[in-house]
Amino acid sequence: MYKIAVVGDKESIFGFSAIGMDIFPAYEEEDVKQIIPKLIEENYAIIYITESVSRKAEKYLAKLQTNQIPAIVTIPSNAGSLHYGENRIKDMVQKAVGIEINFKEA
Amino acid sequence: MAILNVNLTRIESINLKKSLKTAQKGHKLLKDKLDELIKQLLKMVQENQKLRRQTDEMLKNTYQNFMLAKAVIGEGYIEEALIIPRKSVSVEIGETSIMSVKIPEFHFQEKQEETENKALYGFAYTTSELDRAIESFAEVSEKLLELAQNEKAIELIANEIEKTRRRVNAIENVTIPNYIDTIKYIGLKLSEDERASTSRLMKIKEMLVK
């Protein structure tokens, strides 16, 4: 049985607790570095993390990328989307395939 | 190019030729694998962009609804209403495999406390805005789960592509040329030996005739 966690500024993530996800307020890279290992230990399979925080901890999160679980997904905060999650995937594809790929708007 | 450190004998050359054939076969297989992985990745990335757009839009609405609820009800009451969650979600993890890359599959499982009313919180201090906000949170969470699975798959496949590419390059540019060079070198060395022994025999024969 695995759980779902939401990490980010409290304002944005508070609502998620209503539908049964566990919330962990974090603002700086240090917070993320403390919280994430704990979450992995406690069987969290999916960790949603708000854009502003995940950008600060970019390097640390990249290290966890190749593990099967947890899946760490960037979500926009209530300040609006910065398209960070999209760009991260784009970079990853570019690194793997060797070319940048732009899909037309479907 | 580098010559492998092997005995310069005919049997060694035969063994090397066998290895070369295996390497070439492996190279072709890996290249096919790489092509297929890239194909799968592109398909997923396309899906990912669609999902991203949807979730971004949905989350925006969700946050708006929540803000509205907060404005109407007041932050203190909302926290009070939601502080003890009556519902808990967990995920089951399955596993699929794409080109032998193991990819986790997430399935939602909701568990709600058994109470008489189905509400997640008391209605006394909350208004319909909160209901709506929570509803949209529930909606978006399903899409987010899909997104999580999709992104994890992309991460794993991208990683596998990099690994496979490195392997293909290593075989193509190092292993195969090394084998070819060594086989050629052994061939040259053996024929040189042969020539040497022939000329030695001729020399001995000459000496004997005298």
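**Exercise 1. Determine how far strand β3 of chain A is buried or exposed, and which strands pair with it.**

Step 1. A residue is buried if 20 or more other C-beta atoms lie within 10 Å of its own, exposed if 12 or fewer, and partly exposed in between; C-beta atoms are placed from the backbone. Helices (H or I, at least four residues) and strands (E, at least two) are DSSP runs, numbered from the N terminus.

Step 2. Note the source. This is a predicted model, in which local features need pLDDT of at least 70 and side-chain atom pairs count only at pLDDT 80 or more, while totals for chains, interfaces and linings use all residues. Residues are numbered from 1 along each chain as its sequence is written, and chains are lettered from A and ligands numbered from 1 in the order in which they are written.

Step 3. Find the partners. Two strands pair if DSSP finds at least two bridges between them. β1(A) joins β3(A) through 5 bridges, in parallel. There, A:K3 faces A:Y44 of β3(A). β4(A), residues 71-75, also pairs with β3(A) in the parallel sense, over 5 bridges. A:Y48 has A:V73 as its bridge partner in β4(A).

**Exercise 2. Describe the overall build of chain A.**

Step 1. Chain A holds 5 helices and 4 strands. Their order from the N terminus is β-α-β-α-β-α-α-β-α.

Step 2. Check the size. The radius of gyration is taken over C-alpha atoms, and the globule rule is 2.2 Å times the number of residues to the power 0.38. For 106 residues a compact globule would be near 13 Å; chain A has 14 Å, which agrees. The C-alpha trace spans about 40 × 30 × 25 Å along its principal axes.

Step 3. Of the 106 residues of chain A, 43% count as buried.

**Exercise 3. Work out which elements of chain B touch chain A.**

Step 1. Count the contacts. Two residues are in contact if their C-beta atoms, placed from the backbone, lie within 7 Å. On that basis 44 residues of chain B meet 36 residues of chain A.

Step 2. Assign them. On the chain B side, α1, β1 (87-98), β2 (101-112) and α3 each supply at least two residues. α3(B) gives the largest share, 17 residues.

Step 3. Look across the chains. β1(A), residues 2-8, is joined to β1(B) by 2 bridges, and the two run antiparallel. A:K3 has B:S90 as its bridge partner in β1(B).

Step 4. Take one residue of α3(B), B:E162. B:E162 is partly exposed, with 16 other C-beta atoms within 10 Å. Beyond its neighbours within four places in sequence, B:E162 is in contact with A:K95 and A:A96. Its C-alpha atom is 9.0 Å from that of B:L34, which lies 128 residues away along the chain.

**Exercise 4. Explain why the buried residues of helix α2 of chain B lie on the same side.**

Step 1. List them. In α2(B), residues 75-82, the buried residues are B:I78, B:A81 and B:L82.

Step 2. An α-helix has 3.6 residues a turn, so residues three or four places apart point the same way.

Step 3. Name the cover. It includes α1 (10-73) and α3 (128-209) of chain B.
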